[in-house]
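Please look at the sequence and the model together before reading on, and keep both in view as you work through the points.

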Amino acid sequence: MNSPGYRLSRLITRSIRRYLVGAEQRWVFERPSQDWSPPHIERTSLYLHVPFCRHFCPYCPYTKVHYRESLVEPFTVAAIAEVDWWADAVGPAEITSVYIGGGTPTLVLDSVARVLMRVRERFRLTGDICTETNPADVDVETVQRLHDMGVELVSLGVESFQPQNLAVIGRDYKPFVAERALTLLAESNFASVNADIMFALPHQTAADVTADLSRAAQLGADQLTTYPLFTFPYTTVGKYLRLKAVRMPNLRIRQAHYRAISGWCAEHGFERVSVWGFKHGTVPRYSSVTRDGYIGVGPGAGSHLSDGFVLNTFDLNSWIHTTCNGRTAIALRMPFAGEMSGWWWLYWRFYDTRIPLDDLDVALGNDAPKARQWLKIVEQAGFAVKNGRHLELTESGAFWLHLAQNYFALNYVNTLWTQARREPWPQAVAI
Ligand code: SF4
């Protein structure tokens, strides 16, 4: 965390964010004040975080606990109570999409179904329901339950079809398990089936990555989300210390993998829809992170509200106890100042690799001229080209953005999550 590279990247990102968003934006998450309540919401998305995993993949940074049957009912009751809290606090908003992640949602589908039923009772659910699935859980019964719950888009955490790569990331099943799961999902009439594929794994070659993409497409995936092994600085997270041996390949190899992915997808009819995502044909886009606003349910779930970000306590017991007593489990809040909300919107449009120029004035208000200047610099540097009323990232623009996102994760997400893991109700976390 205190390496020269880390300190330099922190200095650069802090200078850029201060210039863009302005000095009045405080980059500090704090305990919300007693009199704070969330603003009224007309339309938003909903994220449900299911924290259970059968075993922990050694690289995984997400909030999770080992699955125990005795925890499922308290989790379900607490999640339903939290849905009620949000509905009372923000009103009967239209929910334009639901994303169920984790953890491993497919471990506890009866629980997820009950929470979804409450979402339908308390809100107006009009959008798609997407869920993450784990290869080890997908069978005919799982598929039927997903259909019964109204799930339309599914994502399978394949990561790799190659035994040596599965071993590196601590997956304890054979490749045929993921192949069988993907085949079943692809044959089961979902609106779209996404496969997650990892790259930049130790000792992995670019040919390994494209072989995985090819296999996923052959088995029926119509969307491919590729992501590198994130190097969260585990030395700050005690329980990951044993992972010190797991290191990401250097920049040259990462770039070679990234180019190979872009080339393979272009050649095989997969259009780029985000820095890491590609889709085939006209299927609805599968995405976990690009929504403009969302409310979060579950331990460690975040929410993006019109007046700032909030984050639930990461501690499962604290979250259960608080929500079941009718109180909010929000532990930390970072209010927005100036045009922060608009800059956040622009950040995700960069992630989409396509920036709608006509929307800049509405999204960024007073800062729209500054944003235009930056987009001009991005264009002149060869990282983006104009296409009609959009600015589109070039392949090299997308690569450098993917790298910047890695640093973003290191600098911000890791700082926040490390502290939030240490204590259920931190006083403040500066990012
Ligand atoms: S199954 Fe998913 S959430 Fe659970 S430890 Fe592995 S990567 Fe993390």
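The briefing below takes up the salt bridges and then the residues around the ligand.

This is a predicted model, and the structure holds 19 salt bridges. Side chains of opposite charge can pair when their charged atoms come close.

- Arg118 and Asp84 meet through their side chains in a salt bridge, with a distance of 2.9 Å from N to O.
- Because Arg118 lies in helix 3 (residues 109-122) and Asp84 lies in helix 2 (residues 69-90), this pair ties together parts that are 34 residues apart in sequence.
- Arg118 counts as partly exposed, at 27% relative accessibility, whereas Asp84 is buried, with a relative accessible area of 17%, a value that falls under the 20% cut-off for buried residues.
- A salt bridge also joins the side chains of Arg122 and Asp88, where the distance from N to O is 2.8 Å.
- This second pair links distant parts of the chain as well, with Arg122 in helix 3 and Asp88 in helix 2, 34 residues apart.

**A salt bridge between a strand and a loop**

- Arg333 forms a salt bridge with Asp307, and the closest N and O atoms of the two residues are 3.1 Å apart.
- Arg333 belongs to strand 15 (residues 330-335), and Asp307 sits in the loop between strand 13 (302-305) and strand 14 (308-312), so that the pair links distant parts of the chain, 26 residues apart.
- Arg333 is buried, with a relative accessible area of 15%, whereas Asp307 counts as partly exposed at 23% relative accessibility.

**The surroundings of the ligand**

- The residues around the ligand include Cys53, His55, Phe56, Cys57, Tyr59 and Cys60, and among the others in this list are Lys64, Gly102, Gly103, Thr104, Asn134 and Arg171.
- How many residues of the shell around the ligand are nonpolar, how many are polar and how many are charged? The shell divides into five nonpolar, five polar and two charged residues.
- Lys64 and Arg171 are residues around the ligand, and Lys and Arg are residue types that count as charged.

Note on methods. Residues numbered from 1 in each chain as written. Predicted model: local features only at pLDDT ≥ 70, side-chain atom pairs only at ≥ 80, totals over all residues. Heavy atoms only, no water. Salt bridge = Lys/Arg side-chain N within 4 Å of Asp/Glu carboxyl O. Helix = DSSP H or I, 4+ residues; strand = E, 2+ residues; numbered from the N terminus. Buried < 20%, exposed > 50% of the residue type's maximum accessible area, 1.4 Å probe, protein only. Near = heavy atom within 4 Å.
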